[in-house]
Amino acid sequence: PQVDSANAGRVLASDAAVFLKKSGLTDLVLGKIWDLADTDGKGILNKQEFFVALRLVACAQNGLDVSLSSLNLPVPPPRFTDTSSPLLLSGTASSDVPWAVKLEDKAKYDAIFDSLNPVNGLLSGDKVKPVLLNSKLPVDILGRVWELSDIDRDGMLDRDEFAVAMFLVYCALEKEPVPMSLPAALVPPSKRKPISVPGAMPLIPSSASTKESHQSLPPVGILAAKTPLTQ
């Protein structure tokens with residue numbers, strides 16, 4: 001009902017696009033989802049096709065292939081953040097989403113992690129870099145993998161963050177697009193705080209980031225604004 005404003009039992013491309021955007025997936029992935037769902041290419045989805053689109057969004061958010069063959073796989077329902085309403089942010093829900101990194105994969109990633117001689121349970125960027133480069137993926141993709149996996153932004157990866165990095169690398173090797181922001185399902189349970197939800201960021205800035213921005217931004221802005229007046 002949220003999307004079918006005219007209640008006509010079908011969804012126009014423009015309405016669907018706005019709604020699907022809230023899934024946090026890249027335009028490329030959403031385009032692929034739309035092409036698969038809009039079977040007759042009319043730019044309109046009927047109810048059945050719209051459900052297919054939602055199902056594919058859920059697949060993409062959980063690191064599965066965006067293809068019709070994924071439709072039969074069990075996936076949790078798709079997640080949408082409605083940035084206009086602070087209540088709908090998936091801050092509470094994200095803690096219930098099962099972690100996308102499977103147990104058997106986690107064991108593999110942990111073994112690699114331990115082989116790199118972590119210090120106090122952390123690996124520095126220098127130690128992770130050779131492993132990432134070893135994947136032969138393009139440097140810009142690896143940069144994004146690092147950005148996404150260093151969840152607490154301390155320049156180091158702990159065991160769970162390293163698992164996220166490895167998971168993303170393997171996705172990329174399978175030709176899966178690396179997301180622009182970390183889907184809730186990929187945030188390790190140990191790192192899940194309401195703040196780490198994409199979409200919740202602007203509403204609840206952490207104290208550190210507000211301090212920094214206060215120091216760097218306002219003085220410059222005030223000076224720039226006042227100088228012409230005083231002259």
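Is Lys-136 buried or exposed? Lys-136 is exposed, with a relative accessible area of 68%; exposed stands for over 50% relative accessible area, buried for under 20% and partly exposed for what lies in between (1.4 Å probe, protein chains only). The model is predicted: local features need pLDDT of at least 70, side-chain atom pairs count only at pLDDT 80 or more, and totals for chains, interfaces and linings use all residues. Residues are numbered from 1 along each chain as its sequence is written, and side-chain values use heavy atoms, with hydrogens and water left out.

**View 1. The whole chain has 8 helices and 4 strands.** Helices (H or I, at least four residues) and strands (E, at least two) are DSSP runs, numbered from the N terminus. Starting at the N terminus, the order of elements is β-α-α-β-α-α-β-α-α-β-α-α. The chain has 231 residues, of which 39% count as buried. Of the contacts (heavy atoms within 4.5 Å) with a separation of 6 or more, 56% join residues 24 or more positions apart.

**View 2. Helix α1 (residues 13-21) has Ala-16, Phe-19 and Leu-20 buried.** Seen down the axis of α1, these buried residues fall within an arc of 95 degrees, so they line one face of the helix. The arc is taken from the directions that lead from the helix axis to the C-beta atoms. The cover over the buried residues of α1 includes β1 (10-12), α2 (27-37) and α3 (47-61).

**View 3. Helix α4 (residues 103-115) packs with helix α7 (residues 159-173) at an angle of about 115 degrees.** Their axes are 9 Å apart. Axes are lines fitted to C-alpha atoms, for helices over the stretch in contact, and angles run from 0 to 180 degrees between N-to-C directions. The helices α4 and α7 are therefore roughly perpendicular to each other. Angles of 65 to 115 degrees count as roughly perpendicular, under 35 as roughly parallel, over 145 as roughly antiparallel and the rest as oblique. On the α4 side, Lys-106, Tyr-109, Asp-110, Ile-112, Phe-113 and Asp-114 meet Arg-159, Asp-160, Phe-162, Ala-163, Met-166, Phe-167 and Tyr-170 of α7. The residues of this contact of α4 with α7 comprise 8 nonpolar, no polar and 5 charged. Here Ala, Val, Leu, Ile, Met, Phe, Trp, Tyr, Cys and Pro count as nonpolar, Asp, Glu, Lys and Arg as charged, and the others, Gly among them, as polar.

**View 4. Helix α5 (residues 125-133) and α7 cross at roughly 20 degrees.** Their axes come within 11 Å, and α5 and α7 are therefore roughly parallel to each other. Val-128, Val-131 and Leu-132 in α5 meet Phe-162, Met-166 and Val-169 in α7. The residues in the contact of α5 with α7 are 6 nonpolar, no polar and no charged.

**View 5. Asn-120 and Lys-136 have positive phi values.** Phi is near 50 degrees at Asn-120, a residue other than glycine, and about 65 degrees at Lys-136, which is not a glycine either. Asn-120 lies in the loop between α4 and β3 (122-124) and is exposed, with a relative accessible area of 76%. Lys-136 sits in the loop between α5 and α6 (139-149).

**View 6. Val-178 is buried in the loop between α7 and α8 (207-230).** Its relative accessible area is 4%. Leaving aside residues up to four places away in sequence, Val-178 touches Ile-141, Arg-144, Val-145, Leu-148, Leu-168 and Ala-172. Val-178 and Thr-26 are 152 residues apart in sequence, and their C-alpha atoms are 9.1 Å apart in space.
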